[in-house]
Amino acid sequence: MKFSNLTHGYLIKRYKRFLADVKLDNGEVVTAHCTNSGSMKSCIEEGAEVYLSPVNDPKRKTKFTWEMIKINGSWVGINTSNPNRIAFEWISAGIVPGLEGYENVKREVTFGDSRFDIFAEKPGEQCFVEVKNVTLKEGDYARFPDAETTRGQKHLETLISVKQQGMRAVMLYIIQRIDVKIFAPATDIDPNYAKLLTKAHAAGVEIIPLQVKVTPEGIEPVGVLPFEL
């Protein structure tokens with residue numbers, strides 16, 4: 001995934017969950033849309049460098065989307081819509097380790113009472129993939145979620161049903177930072193999610209924590225991290 005025409009600035013503050021004030025290099029202060037509804041713990045630092053993407057939509061009140069922030073010398077991707085986009089592109093191209101060879105890849109496909117981000121198919125195999133954005137860092141650990149998520153809990157329950165019906169079920173965590181070495185659920189933040197992830201894995205739901213490198217030029221895969229439950 002490539003970026004173009006990004007605008008550089010410095011974070012003033014994030015507020016009301018979906019808004020961030022940014023001072024651009026020319027001194028102008030703008031309000032950008034923040035797609036991340038979580039706490040953004042460990043990836044908020046007032047005064048830090050950020051990059052925004054301009055938006056040409058007369059219906060949008062904010063004319064920028066916040067893409068990334070520099071924390072401890074490296075970029076952290078905070079746009080939660082990008083993981084879904086790159087997951088679709090990369091699974092279609094066969095470059096996600098463990099998810100190669102699919103001939104038919106679709107976005108936003110319903111199973112039961114849940115809508116999953118990706119449905120992939122090849123002869124003899126059908127696969128539902130739920131994609132989650134990961135930015136929370138604790139030591140060497142990337143953790144998810146950074147706020148309680150009942151929606152995420154529901155997705156895990158439905159992935160168990162997918163597996164029980166003989167199809168492949170995958171939790172794909174896109175880790176948008178390179179300063180971590182291992183993935184684990186954030187048990188202290190959402191213990192129910194952590195328990196359900198352990199239950200889902202025991203039921204055959206696959207866990208793929210894919211680390212990516214985010215730069216002002218674009219996003220590229222780094223590799224699959226180990227995980228602990």
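In this predicted model, ring pairs join Phe111, Phe116, Phe119 and Phe128 into a cluster. The count of aromatic pairs comes to seven. One of them is formed by Tyr51 and Trp75, a tilted pair with 5.2 Å centre to centre and 55° between the planes. Tyr51 belongs to strand β4 (residues 49-54) and Trp75 to strand β6 (residues 74-77), so the pair ties together parts that are 24 residues apart in sequence. Tyr51 and Trp75 are both buried.

**Nonpolar cores**

The largest nonpolar core has 27 residues. Within this core, the residues with the most contacts are Ile91, Leu99, Val129, Leu172, Val212 and Ile219. At least two core residues come from each of α1 (82-93), β8 (114-122), β9 (125-134), β12 (168-175) and β14 (206-215). Leaving aside residues up to four places away in sequence, Leu99 touches Ile91, Cys127, Val129, Arg168, Val170 and Ile208. In soluble globular proteins, nonpolar side chains tend to be buried together.

**Helix α3**

Helix α3 (residues 191-202) has twelve residues. From its first C-alpha to its last, α3 reaches 17 Å, close to the 16 Å expected at 1.5 Å a residue. Its buried residues are Tyr193, Ala194, Leu196, Leu197 and Ala200. These cover an arc of only 165° around the axis, which puts them on the same side of α3. Lys195 and Ala202, on the other side of α3, are exposed. The buried residues of α3 pack against β11 (141-144), α2 (150-164), β12, β13 (182-185) and β14. After α3 comes Gly204, which has a positive phi, near 105°.

Met1 is placed in the segment before β1 (7-15). Its relative accessibility is 15%, so Met1 counts as buried, the cut-off being under 20%. Not counting residues up to four places away in sequence, Met1 touches Asn82, Arg85, Ile86, Glu89, Trp90, Glu217, Gly218 and Ile219. Between Met1 and Thr135 there are 134 residues of separation in sequence and 18 Å in space, C-alpha to C-alpha.

Definitions and conventions. Residues are numbered from 1 along each chain as its sequence is written. This is a predicted model: local features need pLDDT of at least 70, side-chain atom pairs count only at pLDDT 80 or more; totals for chains, interfaces and linings use all residues. Side-chain values use heavy atoms; hydrogens and water are left out. Rings of Phe, Tyr and Trp (its six-membered ring) pair if their centres lie within 6.5 Å; planes under 30 degrees apart count as stacked, over 60 as edge-to-face and the rest as tilted. Helices (H or I, at least four residues) and strands (E, at least two) are DSSP runs, numbered from the N terminus. Buried means under 20% relative accessible area, exposed over 50%, partly exposed in between (1.4 Å probe, protein chains only). Contact means heavy atoms within 4.5 Å. A nonpolar core is a set of buried Ala, Val, Leu, Ile, Met, Phe, Trp, Tyr and Cys residues joined through side-chain atoms within 4.5 Å. The expected span of a helix is 1.5 Å times one less than its number of residues. The arc is that of the directions from the helix axis to the C-beta atoms.
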